Amino acid sequence: MAAPVKSKVDGAVGAVQHLTIGKAINLALRTAMEANDKVIVLGEDVGKLGGVFRITDGLQKDFGEQRVLDTPLAESGIIGTAVGLAVRGFRPVCEIQFEGFIFPGFDQIVSQVAKLHYRTQGRVKVPMVIRVPFGGGIGAVEHHSESPESLFAHVAGLKVVSCSNPVDAYWMTRQAIDCDDPVLLFEPKRLYHSGNLRAEVDTTATPDPLFASRVVRTGDAATLVAYGPSVKVCLDAATAAQEEGTSLEVIDLRTLSPLDLDPVFESVRRTGRLIAVSEAPSESSLTSEIAMRVQQECFYSLEAPVLRVTGFDTPYPPAKLEEDYLPDLDRVLHTVDRSLAW
């Protein structure tokens with residue numbers, strides 16, 4: 001095993017660093033590998049290249065080829081190998097290069113990763129992380145811009161989370177690696193290197209719990225709930241609405257399975273209105289579940305039906321059409337207006 005090295009990202013060393021989401025995940029992987037030599041990173045091009053998005057940049061150089069493994073183009077093999085490592089005491093972190101490539105490994109995830117702990121009556125743990133860059137907005141071809149998170153949130157035995165900012169990107173990665181259950185971490189790929197989302201990441205801070213949602217902007221006219229890349233869209237919409245005198249509350253869901261909806265219920269009981277926002281298609285989705293649960297728990301508090309702003313129920317379109325497909329500020333504000341007019 002390679003010897004531990006000092007935490008460094010772009011030459012920075014220390015507890016507090018000003019990072020993008022991509023650099024925050026890199027730092028989280030690095031510090032986790034320093035802290036525990038059982039943490040292993042594997043995936044397509046994660047080593048010498050540093051991943052197609054450069055999220056694992058420099059890790060193979062510093063920790064060696066035995067801990068940062070370039071794999072063949074075989075997602076089923078990547079996941080299956082990680083399962084074997086996990087049950088033998090390692091904490092593997094798999095990278096799925098693009099979310100659309102995860103499906104060759106789907107059987108391994110739902111039949112083995114999700115079931116082993118239950119199948120063995122708790123005797124076997126599967127402490128592994130599957131990192132999944134997801135979502136659109138990068139002008140890519142088919143299979144590179146999808147949002148399949150609902151498929152995995154539906155599977156008992158899996159934990160599913162999604163980050164939307166650098167602080168959560170760092171801490172959710174660290175917490176997922178430390179978790180004894182298998183965790184899928186859906187990362188908003190189009191925000192990896194967004195300079196507008198740089199934030200101070202304090203690696204000595206006490207983080208929020210991994211499986212907890214959070215109010216990221218307070219308001220009283222309506223509630224917006226989102227996760228991953230859609231959180232920024234909702235925050236931008238809330239800023240625009242405030243200029244017109246409308247105060248919107250924004251909740252970052254963060255955890256997709258298990259869902260933490262108590263903050264959403266509390267918010268809706270105050271605002272009386274909810275708009276759920278996601279890039280995924282609307283049918284049989286997380287936004288469907290949120291809408292049902294809120295109407296079940298907050299029926300007498302609602303002043304309008306729960307409304308949704310989502311991708312459309314079609315395959316993800318060619319790049320030149322994706323701006324029309326993805327939820328944006330205008331679609332969110334139009335839906336807020338519909339809710340307020342009810």
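## Ground rules

Because the model is predicted, local features need pLDDT of at least 70 and side-chain atom pairs count only at pLDDT 80 or more, while totals for chains, interfaces and linings use all residues. Numbering runs from 1 along each chain as its sequence is written, and side-chain values use heavy atoms, with hydrogens and water left out.

N165 sits in the loop between β6 (159-162) and α7 (166-178); helices (H or I, at least four residues) and strands (E, at least two) are DSSP runs, numbered from the N terminus. With 18% relative accessibility, N165 counts as buried (under 20% relative accessible area, with exposed over 50% and partly exposed in between, 1.4 Å probe, protein chains only).

Its side chain reaches the backbone nitrogen of D168 at 2.8 Å, and a polar atom of the N165 side chain lies 3.1 Å from the backbone nitrogen of V167. Both pairs go by the polar-contact rule: N or O atoms within 3.5 Å, one able to donate a hydrogen and the other to accept it, with residues adjacent in sequence counting only if both atoms are side-chain atoms. Skip the neighbours within four places in sequence, and N165 is in contact with I21, R214 and D252 (heavy atoms within 4.5 Å).

## Helix α10

Helix α10 covers residues 286-297, and its 12 residues should span 16 Å at 1.5 Å a residue; the end C-alpha atoms are 16 Å apart, which agrees. The expected span is 1.5 Å times one less than the number of residues.

Which residues of α10 are buried? They are L286, T287, I290, A291 and V294. The buried residues of α10 pack against α6 (149-153), β10 (222-226), β12 (255-257), α9 (262-271), β13 (274-281) and β14 (307-311).

The largest pocket has a volume of about 360 Å³. Of its 24 lining residues, E146, S147, P148, A280 and P281 are the closest to its centre. The elements giving two or more residues to that lining are α6 and β13, and β13 has the largest share, three residues.

A pocket is an open set of points on a 1 Å grid over the protein atoms alone, with protein on both sides within 12 Å along at least five of seven lines; a cavity is a set where a 1.4 Å probe fits but cannot get out, and lining residues have an atom within 4 Å of a point. There is one cavity of 30 Å³ or more. Its lining includes F134, Y227 and E279.

Definitions and conventions: Grid points are joined across faces, edges and corners, and a volume is the space filled by probe spheres set on the points.
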